[in-house]
Amino acid sequence: MSLSRFYYFCLLGFLSFLFVACGGETPPVLPTVVVDSAETGDSAAEATELPPPPVLTEEPITADVNTAVPPAASPSPLAMGIGIEYNGIFFDPGGLGDVTAKQVAQQAEQGDPEWAIFPAFTEFQFDAYPLQNGFHSPRLYVFPAADFANLNPIARDRITTLETILAEKPTDFSEQTIPQLPIFNAAQIMRAQVEYVEFANGEGIRYLTVYSQDVGVVSNYELLYSFQGLTSDGAYYISAVLPIDAPNLPEQAPAIEDLDAFLADYDAYINGVVADLDGVAAGAFLPTLTALDQMIMSIDVSPIAVPPP
């Protein structure tokens, strides 16, 4: 054997020894993702390197913006850890469902009825509210108080009345209606569970009520949690109109068999409904009075100026 071949075999043996000593493993390969060719339309699957991890960003809650206001001028409500913020208005809806916010354009055409005259305002709709089959849709409104008063004489009177109520804080509303905006084309039938509630930069009054154009049996279908309040500077009127179920009311109003007898005893009937509702524990309503009050108490209204289009 020649000396060169001897050295060749020695070198080959030495390399084999090193391969075995190292366990015969090949260098590691970077992880890959296999793309299903059935989804991509490729004839064979391709191996590609994993993309870098995504950068987390704060996502806005979906907001429908009225076409009367350009989307660029109305920021979407943003998740703020606890609660949402929209155009300087903050509140925590808690477990009351997703919220859609929009700017509503002013409506004040000559000849319009009083309930159809209002300034531009902000409206929040609760899209996944616990109750979906009531007469009223769950809403939270923020009105500029001076603009509403200047446009609508009824609104002006109601704002003034609310200011008086909040200053004097009466407790008996058996014969006195509590002002509410927006204006309903119906009468306030009764008031129960009346309480004064403070929020971050203002105060108001909450109560359970029913609005109707006729007399009838009070039912959960029409029952409302209403909150009417003002910011401390009087600049903004806050209104919450939220359906609520009471455990001691029928879901729908039954037919009245003897209308004359019902009308003759109507005042006593309404007083009995109020007494029954006042006796219900806060946690027995749906949603609970506690949950609704907590949302109201979280409100902080400091609207930012929206630039013109």
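Colleague: Which residues make the nonpolar surface patch?

Modeller: Patches are built from residues with over 30% relative accessible area and no salt bridge, joining like charges within 9 Å and nonpolar side chains (Val, Leu, Ile, Met, Phe, Trp, Tyr) within 5 Å. Areas come from the Shrake-Rupley method with a 1.4 Å probe, and for residues only the protein chains shown count as cover. Here Val215, Leu259 and Leu263 make a nonpolar patch of about 220 Å². This is a predicted model, where local features need pLDDT of at least 70 and side-chain atom pairs count only at pLDDT 80 or more, while totals for chains, interfaces and linings use all residues. Residues are numbered from 1 along each chain as its sequence is written, and side-chain values use heavy atoms, with hydrogens and water left out.

Colleague: Is Leu292 buried or exposed?

Modeller: Buried means under 20% relative accessible area, exposed over 50%, and partly exposed in between (1.4 Å probe, protein chains only). Leu292 has 0% relative accessibility, so it counts as buried. It is found in helix α7 (residues 289–297); helices here are DSSP runs (H or I, at least four residues), strands are E runs of at least two, and both are numbered from the N terminus. Contact means heavy atoms within 4.5 Å, and beyond its neighbours within four places in sequence, Leu292 touches Leu96, Tyr129, Tyr225, Leu242, Ile244 and Pro287.

Colleague: Now salt bridges. How many are there?

Modeller: Side chains of opposite charge can pair when their charged atoms come close. The rule is a side-chain nitrogen of Lys or Arg within 4 Å of a carboxyl oxygen of Asp or Glu, and the count comes to 4. One of them joins Lys102 and Glu123 at 4.0 Å, N to O. Lys102 sits in strand β6 (residues 99–104) and Glu123 in strand β7 (residues 121–126), so this pair ties together parts 21 residues apart in sequence.

Colleague: Which other residue does Glu123 meet in a salt bridge?

Modeller: Arg139, at 3.1 Å, N to O. Arg139 lies in strand β8 (residues 139–144), so the link to Glu123 in β7 spans 16 residues in sequence.

Colleague: And what about Arg206?

Modeller: Arg206 meets Asp293 at 2.8 Å, N to O. Arg206 is in strand β10 and Asp293 in helix α7, so parts 87 residues apart in sequence are tied together. Both partners are buried. As for shared partners, Lys102, Glu123 and Arg139 are joined into one network.
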